[in-house]
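Have the sequence and the model ready, and follow along.

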Amino acid sequence: MLTSPLAPAAFPDLPAIAGVTLRNARAHYKTWDRCDLTYVELDEGTAIAGVTTQSKCPSPEVEWCRKALPLGKARALVVNAGNANAFTGNRGRAAVEAIAARVAGHLGCQPSDVFVSSTGVIGVPLPIDKAEAGLSAAFAAAPCGWEEAAATIMTTDTFPKAAIAQAVIGDRTVNLVGIIKGSGMIAPDMATMLGYIFTDAAVDATFLQQMLSVSNRTSFSCITVDSDTSTSDTLLAFATGKAGNAPIASFDDAGADAFAAALSDVCRQLAHLVVRDGEGASKFIEITVSGAVSDESARKVALSIANSPLVKTAIAGEDANWGRVVMAVGKAGEPAERDRLSIRFGGVEVARDGLAVDGYDEAPVAAHLKGQEIDIEVNLGLGDGSATVWTCDLTHGYISINADYRS
C-alpha cells in the first residue's frame, strides 16, 4: 500500500517516557508478516483517563475499559491489530478477560489494571490461544521504540502516527507522547480510533480525565473521514508521575494550564494525522463555521459539510462547486438563513447573502483546490458560535480499499 501523499516527511523524534516500557510481538491474528500485538508496561502509581466510543455496538474491549477507568490506575496496555473482536458475544468477552488475567499474573497486579484494545475485522472472535501466545512472546521481547509500537497497531493505515508536546510544571519540564492508529471508519463520537497518550507528569486521575474530555471535544470529536463511527474507538491517557513535579489536581495548581494546553496540542496533532491518512485521501480539508447560534450548532453544520460525499468528491476533483456546501449547510438541521450565509474557499469569498458574489472569479479558487491543504469557511450570520473540523477528500482509492478489506 502506498503511503498517503499527506503523510509527514518523517516519524518524529520522541523521548522515552519514564515508567513506560514498550514491547511488540506477533500473535498471527492475520496471515501477515508483521507484529500485531503491542504490549506496554506501566510503573506502579500510573494514573489513567480515557474516553470510549458512544456506538451502541461496542466491543468487549471498550466495555472492559469503561468498567476499569473509574478506578484511575493502570499497569499495562495490550493492543491487538487485525481483529476487532467486536460483535463476538461471550467468546469475545472471554478473550478480553483472558488477556487481562494473563498480564495481571505476569505483573502481579489486578486484571482491572490492564487495559485492552483491538482493531480490525468485526464479527470474528479473538482467538485466545493466539492472544496468549502473543503475550508470551511480548513478555520475553526486548523493549521497542515508539515507531515500532505505532506501526504494530496499524490496520489500513499507510504510516505510523505519533506526536509530542512539553509543558513546564514548577521547575520540571514534562513530556507527552502520543501514538494513534486510524484511517477508515472515522467519525468519532467521543474520541477516535485507537489512541494512547503517555506522560511522565504527576497528574491526579480525576483531573486528567477532566482535561482529556475537554481536549477530545475540540480534536478527535471534530474529525471525519467517512462519517462512520467505530465499535472500538478508544483514547487513553497514562500519567506515570516520574517527572518529579508537584502533582496537579486542579487548574488552581501551578503548571495545570500549561499541561492542559500540551495535552490539547498532542490530541490535535494526532487527530490531524488520522485525517491525513484517510483511506484514499489526497487532500486535507479544514472547515470553519462561524456566526452560528452556538458552538455546538456550528460543529454540527461543519460536520454536515465534512461528511457530505458531494462536497468531498468535488474537492477530490478540484471542482469549485460551492453549491454543494450550501446544500450541506441546509441539510444539517441547524438554524441557518439562506440570505445571511457567506462562503469562502481558500480565503476567497464565493457566495454572500444568498447569491454568488458579484463578479466572482473562480480562477483563484480553482488554484487553491489544486493544492493539498484546502480551507472552507462558512459564516451563518446568526450569532457568535464557531467550530472547526477536519476531513479529507473522497477518492476512488477509498472504494478500492474498502471493497477489498476482508480479502
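Helix α2 (residues 89-107) packs against helix α3 (residues 128-140) with the axes 10 Å apart and an angle of about 25 degrees. That makes α2 roughly parallel to α3, a label for angles under 35 degrees, while angles over 145 count as roughly antiparallel. The crossing of α2 and α3 is right-handed. On the α2 side, Ala 94, Ala 95, Ala 98, Ile 99, Arg 102, Val 103 and His 106 take part, and they meet Ile 128, Ala 131, Glu 132, Leu 135, Ser 136 and Phe 139 of α3; contact means heavy atoms within 4.5 Å.

This is a predicted model, in which local features need pLDDT of at least 70 and side-chain atom pairs count only at pLDDT 80 or more, whereas totals for chains, interfaces and linings use all residues. Residues are numbered from 1 along each chain as its sequence is written, and side-chain values use heavy atoms, leaving out hydrogens and water.

Now for another pair, α8 (residues 309-316) and α9 (residues 323-330): their axes come within 9 Å and cross at roughly 160 degrees. The two are therefore roughly antiparallel. Leu 310, Val 311, Thr 313 and Ala 314 of α8 touch Arg 324, Val 325, Met 327 and Ala 328 of α9.

Which residues of α8 are buried (under 20% relative accessible area)? They are Val 311, Lys 312, Ala 314 and Ile 315. These cover an arc of only 160 degrees around the axis, so they lie on the same side of α8. After α8 comes Glu 318, with a positive phi near 55 degrees.

Conventions:
Axes fitted to C-alpha atoms, helices over the stretch in contact; angles between N-to-C directions. Helix = DSSP H or I, 4+ residues; strand = E, 2+ residues; numbered from the N terminus. Parallel < 35°, antiparallel > 145°, perpendicular 65-115°, else oblique. Buried < 20%, exposed > 50% of the residue type's maximum accessible area, 1.4 Å probe, protein only. Arc of directions from axis to C-beta. Left-handed = near helix turned anticlockwise from the far one by under 90°.
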